[in-house]
Amino acid sequence: QVQLVESGGGLVQAGGSLRLSCSASGSGFSATVMGWYRQASGKKRELVVTITSSGTPTYGDSAKGRFTISRDNAQNTVYLQMSGLKPEDTAVYYCYARKIGSFGRFYDYWGQGTQVTVSS
């Protein structure tokens with residue numbers, strides 16, 4: 001069974017930085033794509049940024065220029081470095097992983113979420 005465990009959320013002042021981590025566990029699991037989504041209160045879940053196993057990122061509009069994703073394939077871990085945080089970045093941040101299998105099948109996994117709160 002695959003589990004995604006996030007850490008690093010918390011409360012930070014506007015303009016500050018936070019680093020989120022997410023480790024994937026599961027026998028023989030290797031994610032094709034890992035990354036982060038977020039969901040603010042009363043809003044839909046949205047893409048923050050994802051990264052492929054080869055290191056290609058896909059950024060959501062909110063993350064461009066301020067957030068950086070990195071990945072350690074050997075450790076099945078993905079990191080999100082957030083800087084220049086704004087109050088509108090306040091949300092629950094969810095770790096995400098996709099495993100692409102044979103015949104085009106794919107399997108999506110989600111972490112339990114970690115709260116990020118940015119005070120003004």
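Buried means under 20% relative accessible area and exposed over 50%, with partly exposed in between (1.4 Å probe, protein chains only). The structure is a predicted model, in which local features need pLDDT of at least 70 and side-chain atom pairs count only at pLDDT 80 or more, whereas totals for chains, interfaces and linings use all residues. Residues are numbered from 1 along each chain as its sequence is written, and side-chain values use heavy atoms, with hydrogens and water left out.

In one of them, Arg-38 pairs with Glu-46, and the closest N and O atoms are 2.7 Å apart. Glu-46 is partly exposed at a relative accessible area of 34%.

A further salt bridge joins Asp-89 to Arg-66, again with the closest N and O atoms 2.7 Å apart. This pair links distant parts of the chain: Asp-89 lies in the loop between strand 8 (77–82) and strand 9, while Arg-66 lies in the loop between strand 6 (57–59) and strand 7 (67–72), 23 residues apart. Strands here (E, at least two residues), like helices (H or I, at least four), are DSSP runs numbered from the N terminus. Both partners are on the buried side of the cut-off, Asp-89 at 1% relative accessibility and Arg-66 at 15%. Salt bridges that share partners join Arg-38, Glu-46, Arg-66 and Asp-89 into one network.

Lys-64 and Asp-61 also meet through their side chains in a salt bridge, at 3.3 Å from N to O. Here Lys-64 counts as exposed at 51% relative accessibility, and Asp-61 is exposed as well, at 67%.

Turning to the aromatic side chains, rings of Phe, Tyr and Trp (its six-membered ring) pair if their centres lie within 6.5 Å; planes under 30 degrees apart count as stacked, over 60 as edge-to-face and the rest as tilted. The count by this rule is 4 aromatic pairs. One of them is formed by Tyr-37 and Tyr-96, whose ring centres are 5.4 Å apart and whose planes meet at 70 degrees, so the pair is edge-to-face. The two residues come from distant parts of the chain, Tyr-37 from strand 4 (residues 33–39) and Tyr-96 from strand 9 (residues 91–100), 59 residues apart. Tyr-37 counts as partly exposed at 21% relative accessibility, whereas Tyr-96 is buried at 6%.

Tyr-37 also pairs edge-to-face with Trp-110, at 5.2 Å centre to centre and 70 degrees between the planes. Trp-110 belongs to strand 10 (residues 106–110), and 73 residues separate it from Tyr-37. With a relative accessible area of 38%, Trp-110 is partly exposed. Together, Tyr-37, Tyr-96 and Trp-110 form one aromatic cluster.

Charge and ring meet at Arg-45. A charge sits over a ring if NZ of Lys or CZ of Arg is within 6 Å of the ring centre and within 35 degrees of the ring normal. The charged end of Arg-45 sits over the ring of Tyr-94, 3.7 Å from its centre. Arg-45 also lies over the face of Trp-110, at 4.6 Å from the ring centre.

Note on methods. A salt bridge is a side-chain nitrogen of Lys or Arg within 4 Å of a carboxyl oxygen of Asp or Glu.
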